Amino acid sequence: MPGTAKDSMFSENSNWRRALLVACLILALAGGGWWAWQHQRGLQRPEYVLINETAQHDYDLAFKMSLKLAEKKSGIENALVLLQSLPPAKTIEETATGLFEQLRIGARRNGRGILYLYSASENVLRIIVSYDLEGEIPDVYCRRLEDAARTYMLSEVPQDFISELIITTNLRGMGSKSAGDAPSRPRWLTDDFLSGGGGALVRGYGKTMADYQGAIRSLPDADLKQFLPSPDAGITIERYASSLAAGIGDPRLPLLTEGSRIFRAVVPRDEAQQKRIFGFFRQAAPYRLIFERNLGLAVSQPGHSNLPFVLRRGTDNLWYVDEPKAWTYFHRFEDNVNFYVKYSDNPFLEALRMMHLPNMERAVYSDHARTPVLPAYPFSLAAEVQARENKIREAPQDAASYAALGDLYLFEMNWLAKSIAAYEKAAALAPGELAYHWRLMDLYLNASRADKALAELKFLSEHLPADQQTRDWYRYYRKEYDFAGNLSIACINLRAEAC
């Protein structure tokens, strides 16, 4: 049975996944808007602590799983607190220190605990570690993470950053040398890139493709001439690997497809992440190149944690790296370092079977959903998005048009938020089309929206009574994400708001 969530390419360990945690603990004082956290004698707190006072709760269940897996692996108690704003007249340091002491983080783990406190209005993060962990997780490491948060928490997928900081910080706490450097602000990512009207910083999920394309084009010049695409696929792979070894996450890398550049803008990568991907790639050498149609695949040796690299041959006879397809064609579960093929019509499936690689017996989603037809490259993404949006305007009740737009965002750019919005509309217009629900289940799983992924899997299991595997999947995932036993904490909010 597959694991409980998907791995990121830059994850340190196959048993780590981006995921979320939820519980409710709000201790407040009413009166003129003033409130404070108060220690309550005998307060029963949950086993895994998440306090989320923001309006965004899509990722709570996945955060729970991240905290659970982190503690299981490292033996360190992790607590995540997300506030809409800091208490009046309180600094982030004062609030974090008070919460750490009040919640007694680490007490049940022999004094080994970590608190991550983020306040959305101020866009600040503070990390507090227990005394017993200060040697492994020094202040300078925490300050780098806190500085990086000012960029990443404004990106399209801030939950990825939270998952990454939990993973790397716990590895540091375990004394693991594989933890590497703390995530930091990418060198290419400027304030101009993140700014909206009037120079105000905006969250990435509010941007359009035109916004990202314009921001990419306006980035300061960089010398990337040594990373050009080549008519030799092997040379393109070697140049790509060299860029990873140098820690280059710049979306303007010439050997990337246009969709890959958008992908990098939506999900920024820093130097440490790129170097870790290269480290996995090097450890799994030698790789093998296989080809199908105008696609190539660089497949590392089994038993090593990474996804294969996907290449795409253009009409100019040059080979480009197609980063989104590594994520949309393949999947790695947290309980297996070796990748899986997602769909039965994957052009590489038979060749991978001939190589006798693990997990090739069947595709994850079998033939329940399919990959879209691959257009000749290069083509204008903006023009294609416009054409599909025009079709929707002409026939706004046509579910297939929304699905086609969702596939363009997913398979060409791996832009999950845009694809989810399109597929939710398609499923609403054609609820009986199960392929749309399979796609949504995959999208929600990859976007760390575990509650919605479970809802889709439940729907599918109910509508496919003869499909034993789907029913087994639902029972398995439901059990893994069942935190009901950890919600016995008393919730006190004297402002009479919902907890």
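This is a predicted model: local features need pLDDT of at least 70, side-chain atom pairs count only at pLDDT 80 or more; totals for chains, interfaces and linings use all residues.
1. Strands β6 and β7 belong to an open sheet of four strands, ordered β5-β6-β7-β8 and paired in antiparallel fashion. The edges are formed by β5 (288–292) and β8 (319–321); each has a single partner strand, so one side of each lacks a neighbour in the sheet. From one strand to the next, the twist averages 30°.

2. Helix α7, residues 233–245, packs on this sheet and touches β5, β6, β7 and β8. The direction of helix α7 makes about 130° with that of β7.

3. The structure holds 21 aromatic pairs. One of them joins Phe291 and Trp319: the ring centres are 5.4 Å apart and the planes stand at 55°, so the pair is classed as tilted. Because Phe291 lies in strand β5 and Trp319 in strand β8, the pair ties together parts that are 28 residues apart in sequence.

4. The accessibility of these two residues may be stated as well. Phe291 is partly exposed, with a relative accessible area of 40%. Trp319 has 5% relative accessibility and counts as buried, because the cut-off for buried is under 20%.

5. Ring pairs also link a cluster that consists of Tyr329, Phe330, Phe339, Tyr343, Tyr365, Phe411, Trp438 and Trp473.

6. A contact between a charge and a ring involves Lys418 and Trp415: the charged end of Lys418 sits over the ring of Trp415, 5.4 Å from the ring centre.

Technical notes: Residues are numbered from 1 along each chain as its sequence is written. Side-chain values use heavy atoms; hydrogens and water are left out. Two strands pair if DSSP finds at least two bridges between them. Helices (H or I, at least four residues) and strands (E, at least two) are DSSP runs, numbered from the N terminus. Axes are lines fitted to C-alpha atoms, for helices over the stretch in contact, and angles run from 0 to 180 degrees between N-to-C directions. Contact means heavy atoms within 4.5 Å. Rings of Phe, Tyr and Trp (its six-membered ring) pair if their centres lie within 6.5 Å; planes under 30 degrees apart count as stacked, over 60 as edge-to-face and the rest as tilted. Buried means under 20% relative accessible area, exposed over 50%, partly exposed in between (1.4 Å probe, protein chains only). A charge sits over a ring if NZ of Lys or CZ of Arg is within 6 Å of the ring centre and within 35 degrees of the ring normal.
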